[in-house]
Each structure stands twice: as structure tokens, then as C-alpha cells.
2 protein chains.
Amino acid sequence: MDQLILHEDQRSGNCYKIVLTAALLGLPLERRQYDILNGETRTPAFLERINPNGKIPVLQVGDRFIPESNAACFYLADGSRLVPEDRFDRADMLHWMSWEQYSHEPNIATLRFWIAYVGEDRLSELQRMQIPAKREAGEAALVLMDCHLEGRRFFVGDRLSLADIALYAYTHAAEEGGFVLADRPAIRSWMAHVEAEPGYVAMDA
Amino acid sequence: MDQLILHEDQRSGNCYKIVLTAALLGLPLERRQYDILNGETRTPAFLERINPNGKIPVLQVGDRFIPESNAACFYLADGSRLVPEDRFDRADMLHWMSWEQYSHEPNIATLRFWIAYVGEDRLSELQRMQIPAKREAGEAALVLMDCHLEGRRFFVGDRLSLADIALYAYTHAAEEGGFVLADRPAIRSWMAHVEAEPGYVAMDA
């Protein structure tokens, strides 16, 4: 495999997904840090060379670039034990990864970012107005996860897959956004299963 | 392959992605309609049996269900010419599909839905306040696509893939949301390439 470089901000759960995937697979990953609060992913050099969308994470593979956390994880794990061999299960893994990006991350990760990193007093009026809807949608996402995980060890089949990695990243940090996990027993038990995997590494921040 | 049933609202571009994928691959697809404006995907029966997330599309495969448009398309196209054989290209296809769901659809599809289907006068105050930001982000998405497509026929490699299908669905309907495609020559040329594919079918609504 070509040299792998992760362009990231280590506070970002989306970046952590890639770090965790590489660690579980034993793949060496060089990590370069950018401060998203400081606009370091919006410089002309970044937009020109690394990602015209101005976002991290971006996985560099040799001299080519893969933006979007789920795609980068898939590149690393393609053909490995982290992607189910069964066709339905493989699609079901992508279902949970899409759901994470559409119905979980914009609520749970965004509230964590706004509250723990930007600071509530520095939010715009429009951001502040969106908090109740994001709170409600984030809670609904946690309820849906907790129901699905009842009686299961992992999201798809009986083995860890990228679906678990994608969902673990911001779920295990959800309390930083004001969500409560104490009354979500199936989620807590599933997080323990993820953390027990050989090669597991914790998020840096 | 098991019997395929698409649970959909035919006005939804996310549903159309699955219809188009099946058509291009010549796969028979039974289609069942739900009126999302009427809450038909939020009934107890729908939530219990089809998708606890209360959304369409859902692809039914025999007696199992795959929510999320990109995952359903991947199920249909897995191993076909619509998924690149090259590992990097396969991940790059997923990159564009993730980008569509995160940076394109919530702006371009949501404005189309609000303006053309819900009606501006029936929007909430919070929705109305979000219009300028969604307009700006939607325009930025179209600029990024237009730049990427300059000198290319398709998004990934030199062949149609699920990335094109995912992005075509709401891009070709963007004008219903007040976006202008006339000054986006690379997008227009790419849309013509998609429409020239054998098996292409138009959106119903």
C-alpha cells in the first residue's frame, strides 16, 4: 500500500474514525494536524492541494487524496475483516455509516463542537436557534441506536465492522455535547465491546 | 437475487437514485409509494416494520430492509460495472456519495423540498432563517462540482459509477429549488453523459 497520511484535527471524531480503523488493522498512519477553529483547512494551499471542500479528515494515499471519513475508512478496510463478506451485510454497514453522517453527526457532533469547542456565547443567533432541534434529533438518534443494539454485540452481524467505528466516534464523546449515556444500557455495553477489540486506541482529545 | 421492493416517495431524489441504479442494471424493482408530506413514513406500522428512522427510501430485499439511498444503491450495484474495480476509485466513489449526503443534499434537496413542495409560506421561522445559508452552501457545492467536472466525463475514472447517480438525482432537479445551472457548463455536459447511458430513466416527478 502507498504511504498513508491523515490530514486531521485530532479533536474531530470524523478524523478519529480513520485513526481507529488504521489502528485496528495495524496500518501505519502519518498524522498532520490542522486547527479547524483557526481556519487552517480553508487556506488557498489546502483548498488547492488537499480538499477543495475545505474540510478534514482527508486521507492521503501516495499523492492522491480521499476526503470524507467513511470513504477513507472504507479505503483502509476494503477486503479486511472490518467489511462484511456478505452482500446484504456490506450494504447494511453502509446504511449505518450513511445514517451516522446524516442523522447522528449533524446533531450530536455539531452540538459537541458548538458547546465544548466554540463556546455557547460565541455562537451565532441562527446556531443558537438550532440547538433545540439538534438536541431532539440527537436524542432520537441515541434512542434508535439503543433499541437496535438490544441483544446485539455489534451493529451488523456478530462482528465489529466500519459501522461500529463510524458510530462509536461521536457516540462515546456525546456527553461533551450535553447528551446523557447513563440511561442507554445497550449503547454502553456496545461501547465496551468496541473498546475491548485488539488494537483499539482512544481518541486523543 | 431476492425480490426487490422499493418503499419510496417518487418526488424524492434519494428514491430516484435507487430507481435509476436498478434501471441501468436491468434489475426488476417493485415500487410502493408513501406521501412524506402526509406523514405516511411515520406511522407505527412503518416505524416498526420498515424503518425505525421514519424515512424513505428503503430497499426491501426479500424480508430484510436497507434504509439510506447510498447503501441501497450499493447493494444493487455491488460487483457490477457501476462500482469501480480499483480500490482507490471505489473509495473515491464513496467519497463523492458521502459528500453528496453531507454537503449537497441538505442544501440543494432541502431548498427544493421547502420551496417546490412545502411552500415558502408554510415554512417555520427557523426554516426560513436557514434559507440564506443553505442557498450559499448549495451554490458552493455546484461550483465545486463544476470545477471537478471540467475536462472529465464522470466523477470517478472515465466511467459512470454510483457517484454520478447519487449526484445527478438532486443536481438535475436543482432549479426547482431556485438554483441556476445555465452558467455551469461542465455540470450540464456531465448531465448529458448520464442521460445518454443505456437504460437511463427520467425521474417521475
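Leaving aside neighbours within four places in sequence, which residues is Ala116(B) in contact with? They are Glu176(B) and Gly177(B). Contact here means that the C-beta atoms of two residues, placed from the backbone, lie within 7 Å.

## About the model

This is a predicted model: local features need pLDDT of at least 70, side-chain atom pairs count only at pLDDT 80 or more, and totals for chains, interfaces and linings use all residues. Residues are numbered from 1 along each chain as its sequence is written, while chains are lettered from A and ligands numbered from 1 in the order in which they are written.

## Around Ala116(B)

Ala116(B) sits in helix 4 (residues 87-118) of chain B. Helices (H or I, at least four residues) and strands (E, at least two) are DSSP runs, numbered from the N terminus. The C-alpha atoms of Ala116(B) and Gly177(B) are 6.6 Å apart, although 61 residues separate them along the chain.

A residue is buried if 20 or more other C-beta atoms, placed from the backbone, lie within 10 Å of its own, exposed if 12 or fewer, and partly exposed in between.

## Strands of chain B

Strand 1 (residues 4-8) of chain B pairs with strand 3 (residues 58-61) of chain B in the antiparallel sense, over four bridges. Two strands pair if DSSP finds at least two bridges between them. Ile5(B) stands opposite Gln60(B) in strand 3 of chain B.

Strand 1 of chain B also runs parallel to strand 2 (residues 30-33) of chain B, with four bridges joining them. Here His7(B) stands opposite Arg32(B). From strand 1 of chain B, the chain passes through helix 1 (residues 13-25) of chain B to strand 2, a right-handed β-α-β crossover. Right-handed means that, with the strands pointing away from the viewer, the path from the first strand over the helix to the second runs clockwise.

## Helix 3 of chain B

Nine of the nine residues of helix 3 of chain B are buried, so this helix is largely enclosed by the rest of the structure. Among them are Cys73(B), Phe74(B) and Tyr75(B). The cover includes helix 4 (87-118) of chain A. It also includes helix 1, strand 3, strand 4, helix 4 and helix 6 (162-171) of chain B. Just after helix 3 of chain B, Gly79(B) takes a positive phi of about 85°.

## Where the chains meet

30 residues of chain B are in contact with 29 residues of chain A. Helix 4 of chain B gives the largest share of the side of chain B that touches chain A, with twelve residues. That side has 17 nonpolar, seven polar and six charged residues. Ala, Val, Leu, Ile, Met, Phe, Trp, Tyr, Cys and Pro count as nonpolar, Asp, Glu, Lys and Arg as charged, and the others, Gly among them, as polar.

How do the copies meet? 97% of the interface residues of chain B are also interface residues in chain A, so the copies meet through the same surface. A rotation of 180° with 0.0 Å of shift along its axis superposes chain B on chain A (RMSD 0.0 Å). That is the relation of a two-fold axis. In chain B, the C-alpha nearest the axis belongs to Tyr102(B), 3.3 Å from it. Superposition is by least squares on the C-alpha atoms of residues with pLDDT of at least 70 in both copies.
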